[in-house]
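Please read it alongside the sequence and the model shown here.

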Amino acid sequence: ASARCRAPWLTNRRSRRWIDAVRARPLTAEIAYSSTMAPYIARSRGARARLVDFVDADSEKFAAYAARSRDPLARLYKREARLLGQAETEIANWADSAFAITDAEAALFNARAEICRPVRVWENGVDAAHFDPAAPFAAIRDPADIVFTGVMDYRPNVDAVLFFLDEVWPRVRKAAPDANFAVVGARPSSAIRKRDGIDGVRVTGRVACVRPWLKQAKLAVAPLRIARGLQNKVLEAMAMATPVVATPAAAAGLRLGADDILVREDPASMADAVAALLHDGHRRAALGAAARLRVLNDYGWADQLARFDAALDDALASSASSARASAA
């Protein structure tokens with residue numbers, strides 16, 4: 001992309017040489033995952049179709065970072081949001097088809113006057129056979145009552161966990177003094193590591209598999225305040241029939257029924273919901289079963305991939321039509 005945003009940071013010479021060598025072959029289609037990978041296929045090399053999965057509107061994420069930061073970082077994030085927005089628009093215009101992960105994310109792109117063709121929707125799915133609470137797992141020796149899962153050097157996850165620990169967890173512990181909470185994920189930041197071993201909090205770092213942690217927990221939390229797109233951590237917990245308490249930001253983009261997960265915004269109501277679930281096994285079971293059913297009905301990969309197949313067929317048909325017109 002011509003806009004000088006963060007994309008050049010992720011450009012690697014070895015990767016470019018390898019990709020260029022592959023692109024020299026007669027390819028039917030090329031698919032780039034995210035705006036930062038799209039520049040690798042920006043120059044047309046003869047493939048019949050170029051498709052880009054934006055996933056999220058990353059420019060909006062940097063705008064959110066700016067809103068939660070002070071200068072000079074706030075200015076830096078605002079600049080990044082503006083330049084990344086320009087790059088996203090350029091990518092959408094040269095791609096034969098571009099996708100966002102939810103209707104709301106697609107609407108953000110399509111509201112831009114410079115977008116020449118609509119960005120389509122391609123949601124994530126969950127491998128419900130893999131994330132299945134009935135599957136055999138090696139039991140965790142000391143499971144947690146409550147879990148948060150995610151890569152723990154990612155700013156939205158760090159912000160979410162610190163918010164939960166500072167604003168929600170003390171209220172939960174007051175109602176349930178013996179409750180414990182595990183932060184499960186790779187590369188925990190120093191701010192997160194400092195909380196390990198304090199007030200029933202455990203920071204695991206990288207684990208071999210999150211499924212046993214979800215299966216053996218009483219509930220999962222997703223207290224994100226900065227969030228774009230669709231949260232896999234929420235879908236994976238739902239698939240494992242683990243009750244979820246989430247913020248509106250974490251639940252945004254999901255097609256949910258009223259009893260699939262519990263959505264709470266302020267610390268007091270979130271703490272009340274968590275504490276109530278810790279003491280109510282019947283409610284936990286009902287929420288978990290509803291969540292699992294929602295995933296099976298609406299978030300299987302077969303349905304989601306059908307959308308991609310349709311877009312690929314359209315792009316290839318359009319390319320063939322253009323080729324015939326040029327030959328004529």
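Tyr 33 stands opposite Asp 53 in strand 2. Strand 1 (29-33) and strand 2 (49-55) pair in the parallel sense over 5 bridges; two strands are paired if DSSP finds at least two bridges between them. This is a predicted model: local features need pLDDT of at least 70, side-chain atom pairs count only at pLDDT 80 or more, and totals for chains, interfaces and linings use all residues. Residues are numbered from 1 along each chain as its sequence is written, and side-chain values use heavy atoms, with hydrogens and water left out.

- Ser 34 lies in the loop between strand 1 and strand 2, and its phi is near 90°, a positive value in a residue other than glycine.
- Ser 34 counts as buried because its relative accessibility is 13%.

- An open sheet is formed by 6 strands in the order 7-6-5-8-9-10, with parallel pairing.
- Its edge strands are strand 7 (201-205) and strand 10 (262-263), each of which pairs on one side only.
- Strand 8 (residues 219-222) and strand 9 (residues 244-246) are joined in the parallel sense over 3 bridges, and Ala 220 stands opposite Val 244 in strand 9.
- Helix 10 (residues 267-278) lies across strand 5 (146-149), strand 8, strand 9 and strand 10, and runs at about 175° to strand 9; axes are lines fitted to C-alpha atoms, for helices over the stretch in contact, and angles run from 0 to 180 degrees between N-to-C directions.

**Nonpolar cores**
- A nonpolar core is a set of buried Ala, Val, Leu, Ile, Met, Phe, Trp, Tyr and Cys residues joined through side-chain atoms within 4.5 Å.
- The largest nonpolar core has 64 residues, of which Ile 146, Trp 169, Phe 181, Val 221, Val 245 and Val 274 touch the most other members.
- Helix 5 (residues 155-175) gives the most to this core, with 9 residues.
- Not counting residues up to four places away in sequence, Val 221 touches Ile 146, Val 147, Phe 148, Phe 164, Phe 181, Val 245 and Val 274, where contact means heavy atoms within 4.5 Å.
- A second, separate core of 17 residues includes Phe 54, Ala 95, Ala 98 and Ile 115.

**Further backbone particulars**
- Asp 71 and Pro 72 are joined by a cis peptide bond, with omega about 5°; Pro 72 is found in the loop between helix 2 (58-67) and helix 3 (73-94).
- Arg 187, in the loop between strand 6 (181-184) and helix 6 (190-193), has a positive phi of about 50° although it is not a glycine.
- Arg 187 is exposed, with a relative accessible area of 51%.

**The chain as a whole**
- The chain has 12 helices and 10 strands; helices (H or I, at least four residues) and strands (E, at least two) are DSSP runs, numbered from the N terminus.
- Buried residues make up 48% of the 328 residues in the chain.
- Along its principal axes, the C-alpha trace spans about 75 × 45 × 35 Å.

Key: Buried means under 20% relative accessible area, exposed over 50%, partly exposed in between (1.4 Å probe, protein chains only).
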